[in-house]
Amino acid sequence: PANNGEMQPTRILQLLNMVTPEELIDDDEYAGMFINDFYVSYDRNHKNIPKNISFLLILDIFDDVHEECSKYGKIVDMKIPRPTQTGLMAGIGKIFVRYERIEETGVALRALAGRKFAERTVLTSYIDEDRYLADDF
Amino acid sequence: MKSESEDQQTDGADDRKRKRRSRWGGEESKVNIPGLPTAITANMSKEQLDTYLLHMRLEEIGRKLRTGDYVPPERERSASPEPIYDIQGKRVNTREYRYRKKLEDERHRLIEEAVKRNPDFKPPADYKRPTKVQD
């Protein structure tokens, strides 16, 4: 049900223009670790962090986003999609944050829109929870 | 961050801690470009949103290239590569050159994607298509 062409708010904050594909690509043995889980449940006390630039960079990006987004509500989980062979554009540059409550997502959406992240202008939007869960970015 | 296991962590993890500094710009860094909203609440399909994102980024890169604002502040910079000199002994891969090239390369990729999505897409007036692909 469209209300004046406005999107139905959801619990999922969609952050756009956040990262470049290069930052998310690496072709070494650790790649498999994150292709599968997109850091959905990244363990902050990760032991044995591999010496791998991309890996560390993505953990870093994850931390930055998690820290800032926590200011607006309780985060359920997050996804940082990585490029795959099929469709380099799909989901790339986007970071998703699921909050516990729709209201929290709305506050974050307005607060973060237009802010800079690594010298890029952040755009914000909602995405349907079904699509988020199905990795349909 | 946990501290008890720090001594067991790799050099990579130590480097990471040392350079911890958020990528977020402050509230004062907020930009407002008329006609290009940053909080997108209008109903858009995924394709429409991606196309909008593409144009927004192209606009942003264009602005950076026009104003010469392409060298990030020191905290955002990566380690400099070994210098390369030309035949006159002038450094080729200066910081300005590297960051400008990075943006130009990204712009080139985005324009190719935009043309793929819409064959009528008109690249920015100051865009020159690279004649050959290098490195």
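The points below describe the fold, sheet, cores and aromatic contacts of a predicted model.

1. Overall make-up of chain A. Chain A contains five helices and six strands. Read from the N terminus, its elements follow the order β-α-α-α-β-β-α-β-β-β-α. Of the 137 residues in chain A, 55% are buried. The accessible surface of this chain is about 6,100 Å², and carbon and sulfur atoms account for 51% of that surface. Among contacts in chain A with a separation of 6 or more, 69% are between residues 24 or more positions apart.

2. The sheet. Five strands form an open sheet with mixed pairing, in the order β2(A)-β3(A)-β1(A)-β6(A)-β1(B). Its edge strands are β2 of chain A and β1 of chain B, each of which pairs on one side only. Strand β6 of chain A, residues 123–126, runs parallel to β1(B), and two bridges join them.

3. The neighbours of β3(A). Strand β3(A) pairs with β1(A) in the antiparallel sense, over four bridges. Within that pairing, A:Ile12 has A:Arg98 as its bridge partner. The pairing of β2(A) with β3(A) is also antiparallel and also has four bridges. Here A:Ile75 has A:Tyr99 as its bridge partner.

4. Burial of β3(A). In a regular strand, side chains alternate between the two faces of the sheet. In β3(A), A:Ile95, A:Val97 and A:Tyr99 point one way, while A:Phe96 and A:Arg98 point the other way. Is this strand enclosed by the rest of the structure or open to the outside? Five of its five residues are buried, so β3(A) is largely enclosed by the rest of the structure. The buried set includes the arginine, A:Arg98.

5. The largest nonpolar core. This core has 26 residues. The residues with the most contacts inside it are A:Leu13, A:Leu15, A:Met18, A:Val65, A:Cys69 and A:Val97. Elements of chain A that give it two or more residues are β1 (12–16), α3 (53–69), β2 (75–79), β3 (95–99) and α4 (102–112). Of these, α3(A) gives the most, with five residues.

6. A:Cys69 and its contacts. Which residues does A:Cys69 touch, leaving out those up to four places away in sequence? They are A:Leu13, A:Leu15, A:Ile75, A:Val97, A:Tyr99 and A:Leu112.

7. Aromatic pairs. A search of the whole structure, over all chains, finds three aromatic pairs. In one of them, the rings of A:Phe96 and A:Phe137 have centres 4.4 Å apart and planes at 20°, so the pair is stacked. A:Phe96 lies in strand β3 of chain A, and A:Phe137 lies in the segment after α5 (129–133) of chain A, so the pair ties together parts that are 41 residues apart in sequence. Both A:Phe96 and A:Phe137 are buried.

8. An aromatic pair between the chains. A:Phe117 and B:Trp24 form an edge-to-face pair, with 5.0 Å from centre to centre and 65° between the planes. This pair crosses from strand β4 (residues 116–117) of chain A to the loop between α1 (11–18) and β1 (39–40) of chain B. A:Phe117 is buried, as is B:Trp24.

9. The aromatic cluster in chain A. A:Phe96, A:Tyr132 and A:Phe137 make up one aromatic cluster. The charged end of A:Lys79 sits over the ring of A:Tyr132, at 4.5 Å from the ring centre.

10. One histidine in chain B. B:His55 belongs to helix α2 of chain B, residues 46–67. B:His55 and B:Ala114 are 59 residues apart in sequence, and their C-alpha atoms are 8.1 Å apart in space.

Key:
Residues numbered from 1 in each chain as written. Chains lettered and ligands numbered in written order. Predicted model: local features only at pLDDT ≥ 70, side-chain atom pairs only at ≥ 80, totals over all residues. Heavy atoms only, no water. Core = buried A, V, L, I, M, F, W, Y, C linked by side-chain atoms within 4.5 Å. Buried < 20%, exposed > 50% of the residue type's maximum accessible area, 1.4 Å probe, protein only. Contact = heavy atoms within 4.5 Å. Areas by Shrake-Rupley, 256 points an atom, 1.4 Å probe, with all protein chains shown as cover. Pairing = 2+ DSSP bridges. Phe/Tyr/Trp six-rings, centres within 6.5 Å; stacked < 30°, edge-to-face > 60°. Lys NZ or Arg CZ within 6 Å of the ring centre and 35° of its normal.
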